[in-house]
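Subject: Structure handover

Hi,

Here is the structure I promised you. Please open it first, then read my notes below.

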Amino acid sequence: MSEQQDRSHSRIAAERRRKRRRQAIIRRICFGVICAVLIALIIILCIKIFGESGSDEKETSGEVVTAENESTSGSEQNDSVPEGAQSVIDEAAFLAAQYDYDGAIEKLRSVAGFEDNEAIKSLISEYELARDTCVTVDMSTVPHVFYHTLICDFDRCFKSSHDKSLMNGYNAWMLTVDEFKECLQQLYDLNYVIINVGDSYKKDSEGNYSMATDVKLPQGKKAVIFSYDDTCYYCQYQDWGMADRLILDENGELKCEYTDESGKTTVGNYDHIPILNDFVKEHPDFSWHGHKGTLALTGYDGILGYRTEFRMFDYPTGDESSWLAANPWCKKSEIETYKEQAKVIVQALKDNGYEFASHTWGHRHADQKGLDWLKQDTEWWCERVESLTGDTDILIYPHGGDIGGMEDYSSSNEKYTYLKSMGFGVFCGVDGTALYWNQYRSGYVRQSRINIDGINMYQTLQGNNTALKKLGLDVEKIFDTRRPTPVTAG
Ligand SMILES: [Zn+2]
């Protein structure tokens, strides 16, 4: 072998060694990268599993992270929660539990120095991940359920001395407090999440309507619209075992006043609003962004239990003086005070996630009454009720009396054209059989609503394929078997 060949061989051997070293380095880098990716994936998976397993009580997830961080605070200074930040973390956890991830993140970012705090940064990542995996709700398939005022004293409502036709009515349209609680629990267990009517649609600056697209929920959760008819605590409910009015208790919480048969007045959860408020405190993920439903108010007896008007159902021909004599606790001279009190409750309801709709002033069949009636009635509602509740474009028909059939509303429908001119564009009827029925048109929105009440429960128990069944409710478990049967239309 020549010297030249020797040099050539050793060059080749050196080249090969370099190549092997390069490959070894590349292999090590690849291995390192794969390990890093795997670790990152495991961390994300853990966060996801941890987040999902705590979905029942997401408000506590912030506290769990905190506890972990506190136990390691000795080793890593910036792992511990900054002083005074725990309440902010708790508030953020509650917002996140109600699917308001952006609100939760914004809250966490308000903590001074959050950029250098691992505990807060990891919560932000958790909420970003949860937000990004949510799915837009298809509003065209969302059920809309509604309730009336609840019966809080069963025996009083169904006592034998009562007028039978009125009793039939309350038996048909009302739930008891316990039935409502069971219904809430079942809807929650079925993964429903409450939204308001106002969350289901959008109205652009030119007044055109469309389906809302900003309600997003985690996979498996389903939106349901809640509304409540006649939250007025009518004078005719007296002696029927229903609440007198909504009030704010000494803690500033919405509660009901109820005067029992002996004349004793107490404060408590006698109707759906305080019951649902408490339920959502315990189960924040039952409510999208804290929303709890739409209250449909008439005007003829005042609103929310406040006699902002006196019994003038047939105004101006009604006999006001005899009504005042029969209801001595209502003082006509106090009407302005009652209005101010009602406004305080209106604001508290808005702060608690409720919104308002018209249920017409006089609670008549809008389908059967003429255009002249509709004009007078709508003017009264706007003057006397909307002035207390604030603007709304939602009209919930009394008795489900829709002013049109299933075909689209058209400009040849005078009542529709008139209601549009008065600012209404969202119209709700009643259908206790369909899971949902909607019309989203540029001119208006229409939704049918499912009555969750005595008659629809009874129909379900008779084997009919009602919307309650389609919702997945176990009516047998809800229905109070003490109710007089058969339950017929009141
Ligand atoms: Zn009604």
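This is a predicted model: local features need pLDDT of at least 70, side-chain atom pairs count only at pLDDT 80 or more; totals for chains, interfaces and linings use all residues.

One term to start with: helices and strands here are DSSP runs, numbered from the N terminus.

His 399 has a phi near 60 degrees, a positive value in a residue that is not glycine. His 399 has 15 other C-beta atoms within 10 Å, so it is partly exposed.

His 289 also has a positive phi, about 55 degrees, and is not a glycine. Look for His 289 in the loop between α9 (272–282) and β11 (293–297). His 289 counts as partly exposed because it has 17 C-beta neighbours inside 10 Å.

Now the core. The largest nonpolar core holds 118 residues. Ala 96, Val 224 and Leu 395 have the most contacts inside it. Helix α3 (residues 86–97) gives the largest share, 7 residues. Domain 2 (58–133) and domain 3 (137–478) both contribute residues, so this core lies between them.

Take Val 224. Leaving out residues up to four places away in sequence, Val 224 touches Val 142, Pro 143, Val 145, Leu 187, Tyr 192, Val 193 and Ile 194.

Next, Glu 126 in helix α5 (residues 118–132). Is Glu 126 buried or exposed? Glu 126 is buried, because 23 other C-beta atoms lie within 10 Å.

Last, a cis peptide bond joins Thr 485 and Pro 486, with omega about -5 degrees. Pro 486 sits in the segment after α16 (475–478).

Best wishes

Note on methods
Residues are numbered from 1 along each chain as its sequence is written. A nonpolar core is a set of buried Ala, Val, Leu, Ile, Met, Phe, Trp, Tyr and Cys residues joined through C-beta atoms within 7 Å. A residue is buried if 20 or more other C-beta atoms lie within 10 Å of its own, exposed if 12 or fewer, and partly exposed in between; C-beta atoms are placed from the backbone. Helices (H or I, at least four residues) and strands (E, at least two) are DSSP runs, numbered from the N terminus. Domain bounds come from an automatic or database domain assignment. Two residues are in contact if their C-beta atoms, placed from the backbone, lie within 7 Å.
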